[in-house]
Amino acid sequence: MKIEIDDKSGCCFGVMRAISKAEEALGEGGTVYSLGDIVHNRIEVQRLERLGLQTVTHDDMPRLAGCRLFIRAHGEPPTTYAEAQRLGIEVIDATCPVVARLQRRVVQAYERMQPLGGQVVILGKRGHAEVVGLTGQVEGRAIVIEGGDDLGLIDFTRPIHFLAQTTQSIELFEALGVEMCRRAADPGQVHIEDTICRQVSGREEHLAEFSGRFDVVLFVCGRKSSNGKVLSEVCRRANPRTHVVEEAAEIDPEWIAGAESIGICGATSTPKWLMQKVADAVESISETHNDNQSQQIRP
């Protein structure tokens, strides 16, 4: 059986940077508190927790005075930094530079729309940490849409500035932009600003090609990964025999029965070491299957 790990899959720059900053802080000794999961991958979070990282929520902040608080790659609204300063909490800021740039663009878009009576519209997943951080830049005065069904939230008689969460589908973003221009009273008042991270969108075409080369594809990602949902669907469209797993223990041997080639890929929050563990498990399952077959045909 041929088993191949996609060399372009794995943690993006922002996630790798956050994990590296967390490991560096943990190496200094003591506990580091992460405001939410440092990465949307349960297995990687558990590894860092064994090193001393503790995941907390905003409700826990009042008891963290004098402690170190880690801001993950998704970023946070300004109110979080203000609260940390008020409480005497040391902040370790690992906001992805791409996300930080988008936060500034949201503010700029809002400032442009204000005198025009316009609206800032963000394509994103409601409640997602990055989106909470984005809308928080303008005190929640932005419209979040998840797809075409949410277009009714927009007033098409007014100007629109349209942006996107960094991990959204570029295909969906472009389609919604076209529909906004079609519905707008004045299409010239619809400003479309593509803010999707190319480390994400650039993987879609590649993953479609990669997935089509194998009998079976195993896509490795955390259950909470928004990016993982988008990219796994890209794989599934290219290869219906795509299965999503969070860890090697979830592999069903029946998925790979009879397959001659297995492709393993993952989200921008999936570490390389985890994909390697999945590959090792597939190899072990294959060897066990071959051993059983050999025993069955012995005279």
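**Exercise 1. Which residues lie nearest the centre of the largest cavity, and how many residues line it?**

Before starting, note that this is a predicted model, where local features need pLDDT of at least 70, side-chain atom pairs count only at pLDDT 80 or more, and totals for chains, interfaces and linings use all residues. Residues are numbered from 1 along each chain as its sequence is written, and side-chain values use heavy atoms, with hydrogens and water left out.

*Solution.*

Step 1. Look for cavities (on a 1 Å grid over the protein atoms alone, sets of points where a 1.4 Å probe fits but cannot get out). You will find one of 30 Å³ or more.

Step 2. Its volume, the space filled by probe spheres set on the points, is about 300 Å³.

Step 3. Collect the lining, meaning residues with an atom within 4 Å of a point. There are 22, and Cys12, Val15, His74, Thr167 and Thr268 lie nearest the centre.

Step 4. Helices H1 (13–27), H4 (97–113) and H8 (226–238) each give two or more residues to this lining. Helices here are DSSP runs of H or I with at least four residues, numbered from the N terminus.

**Exercise 2. At roughly what angle do the axes of H1 and H2 cross?**

*Solution.*

Step 1. Take the axes as lines fitted to C-alpha atoms over the stretch in contact, with angles from 0 to 180 degrees between N-to-C directions. Those of H1 and H2 (residues 42–50) come within 10 Å and cross at roughly 15°.

Step 2. H1 is therefore roughly parallel to H2, a label for angles under 35 degrees.

Step 3. Find the contact (heavy atoms within 4.5 Å): Ile19, Glu23 and Leu26 of H1 meet Glu44, Arg47 and Leu48 of H2.

Terms used: On a 1 Å grid over the protein atoms alone, a cavity is a set of points where a 1.4 Å probe fits but cannot get out, and a pocket is an open set with protein on both sides within 12 Å along at least five of seven lines; lining residues have an atom within 4 Å of a point. Angles under 35 degrees count as roughly parallel, over 145 as roughly antiparallel, 65 to 115 as roughly perpendicular and the rest as oblique.
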